[in-house]
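Please work through the exercises below with the sequence and the structure at hand, and try each task before reading its solution.

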Amino acid sequence: MAVELRHGTRVWHRRERGAELAIWAIWLAGTAMFVYCCQLISDKTIWPFVADATAQAADLAVRMLPPDWGFIGALGRPLWDTLNMATLGTALAVTLATPVAYCAARNTTPSVALVRPIALFIIVSSRSINALIWALMLVTIIGPGVLAGILAIGLRSIGFCAKLLYEAIEEIDERQVEAVRATGATGAQVTTYGIIPQILPAFAGISVFRWDINIRESTVLGLVGAGGIGLPLNASITTLSWTRVSLILLIIIATVILSEWVSAKVRHAII
Amino acid sequence: MTVAAVAPRQWKKPPLIRRPWLRWALGLGVLIYLALALGTTEVNWARVWEGLPRGARFFAAFFPPNFTGRADDIAEGIFESLSMTVTSTVIGIAISIPIGLGAAKNIAPAAVYYFCRGILAISRSFQEIILAIFFVKLFGFGPFAGAVTLSFATVGFYGKLLAEDIEDMDPATAEAVRATGAGWVQWINYAVQPQVMPRMIGLGLYRFDINFRESAIVGIVGAGGIGATLDTAFNRYEFDSAAAILLIIIGIVMLVEYSSGYVRRWVQ
């Protein structure tokens with residue numbers, strides 16, 4: 001409790017003077033940084049373009065309505081590709097993430113000093129690069145198409161799945177593993193009967209959760225050439241056919257909402 | 001009685017899905033789907049084969065990456081990304097506080113609640129990159145469009161979590177402050193804010209982290225940041241510069257993640 005004597009009366013303060021000053025200094029530094037960053041962005045902005053944004057928005061709204069429903073027939077195939085990229089990518093990711101998670105979890109890793117850091121590095125580097133950047137990379141290497149999208153989604157999701165999975169493995173009940181081991185089970189049997197049944201629900205939940213995120217991400221991979229519904233979106237934007245853009249956006253929203261609903265249902269059924 | 005008469009019971013692992021028909025139907029469905037999906041995926045193997053040496057060249061570019069060749073462009077892109085991250089996190093959180101308060105069922109009237117929930121739902125349903133396309137169209141190329149995009153996305157993320165956190169707060173404390181005769185602002189300030197603050201600081205740092213990662217990609221559609229530099233590097237097959245940029249991104253993400261974890265422990 002910080003109490004100060006002022007003109008003979010004791011005044012209550014929330015913090016000591018030192019702490020008060022430190023907090024004030026942090027606020028000052030933060031504000032200065034924020035203002036500096038605003039300045040930096042403002043210098044690179046052409047303000048007349050920003051000023052007529054409302055006019056641009058009104059113009060765009062007029063051009064986007066009504067959606068070009070006749071185009072919907074051409075979107076079936078890209079939508080199917082999008083779905084495949086998300087699903088096959090997730091399948092690839094969980095397949096690869098399982099051994100990585102096994103090596104990263106403190107209680108199952110073959111070697112804490114050697115294998116665990118490698119597994120953790122795989123997880124971090126996969127997580128810090130966005131699926132779109134993975135796609136950008138893969139499109140230049142293996143060419144445009146659905147395969148690049150599947151691999152991009154897969155590589156991006158390994159880190160996410162492996163991280164959640166290894167946390168689940170570290171939280172298992174060791175007594176069950178001990179009990180299975182006490183029956184004289186071999187290492188593989190301990191894993192199958194002691195560890196896997198405990199993490200199977202978490203595994204299923206993580207897969208469905210990531211699948212939902214991947215549907216969302218795979219809708220835009222086409223912008224860099226990796227197939228799916230992003231391809232017609234990109235084509236419509238470059239040819240300025242805004243009525244088609246609005247239709248594609250509606251379909252993307254519908255797909256995302258549907259996948260969220262499915263994933264919520266399935267996770268509810270599992271847990 | 002012989003031993004053989006009692007022994008035939010054998011233990012089997014209980015399956016994940018208990019109902020056998022559902023288990024078989026799911027398995028069959030998965031098989032049919034896989035066959036369809038793999039059958040209809042068009043892969044140009046000739047192109048993949050052609051690209052493999054290029055891939056090898058790309059991985060070779062990591063040893064060593066070329067930090068100096070495009071140092072000016074890279075530095076400019078990184079500074080742009082970082083300033084977009086800072087401004088959008090601050091502005092996004094500032095906007096999401098009133099919206100988050102309005103979207104909490106236990107403190108907002110029904111009309112305000114549905115209005116604010118609607119805003120949150122809209123801002124969450126679009127990918128950052130799609131938003132960026134539109135903001136680039138509205139505001140022109142450059143980091144301003146990127147900062148607006150990230151602020152918008154931050155509102156959806158932070159506002160929703162803030163609202164949920166307020167809904168989960170301890171009503172007894174809120175009741176106690178209200179019983180002292182506090183006004184609405186005092187009530188928010190002394191009853192609600194202290195309860196949600198530690199978690200919200202952590203989430204703010206987490207959002208900072210996300211915003212930096214996203215600021216690295218909105219440049220692909222022209223909204224400023226390191227993404228534009230990266231895109232150009234790939235398109236010109238300058239893999240050594242691209243490798244340098246990727247390593248810088250990974251480094252900054254790791255730095256932000258570790259420091260935010262440290263700050264979060266210190267706050268809580």
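**Exercise 1.** Determine how helix H1 of chain A is oriented relative to helix H4 of chain B, and which residues meet there.

*Solution.* In this predicted model, H1(A), residues 17–43, and H4(B), residues 71–102, pack at an angle of about 120°, with their axes 9 Å apart. Since angles of 65 to 115 degrees count as roughly perpendicular and those over 145 as roughly antiparallel, H1(A) is therefore oblique to H4(B). The crossing of these two helices is left-handed. By class, their contact has 11 nonpolar, 2 polar and 1 charged residues. Among the residues that meet are Met33(A), Phe34(A) and Ile41(A) from H1(A), and Phe79(B), Glu80(B) and Val90(B) from H4(B).

**Exercise 2.** Describe the contact between chain B and chain A as a whole, and then locate a salt bridge of Glu80(B).

*Solution.* Begin with the residues: 60 of chain B are in contact with 57 of chain A. The area buried between the two chains is about 5300 Å², and carbon and sulfur atoms give 76% of that area. Turning to charged pairs, the count between the chains is 2 salt bridges. Glu80(B) forms a salt bridge with Lys44(A), where the closest N and O atoms are 2.6 Å apart.

**Exercise 3.** Decide how H7(A) and H9(A) run relative to each other.

*Solution.* H7(A), residues 146–170, packs against H9(A), residues 187–218, at an angle of about 155°, with the axes 10 Å apart. Because angles over 145 degrees count as roughly antiparallel, that is the relation between H7(A) and H9(A). H7(A) passes H9(A) in a right-handed crossing, and their contact has 13 nonpolar, 3 polar and 3 charged residues.

Notes. Residues numbered from 1 in each chain as written. Chains lettered and ligands numbered in written order. Predicted model: local features only at pLDDT ≥ 70, side-chain atom pairs only at ≥ 80, totals over all residues. Heavy atoms only, no water. Axes fitted to C-alpha atoms, helices over the stretch in contact; angles between N-to-C directions. Helix = DSSP H or I, 4+ residues; strand = E, 2+ residues; numbered from the N terminus. Parallel < 35°, antiparallel > 145°, perpendicular 65-115°, else oblique. Left-handed = near helix turned anticlockwise from the far one by under 90°. Nonpolar A, V, L, I, M, F, W, Y, C, P; charged D, E, K, R; others polar. Contact = heavy atoms within 4.5 Å. Buried area = accessible area lost by both parts, 1.4 Å probe. Salt bridge = Lys/Arg side-chain N within 4 Å of Asp/Glu carboxyl O.
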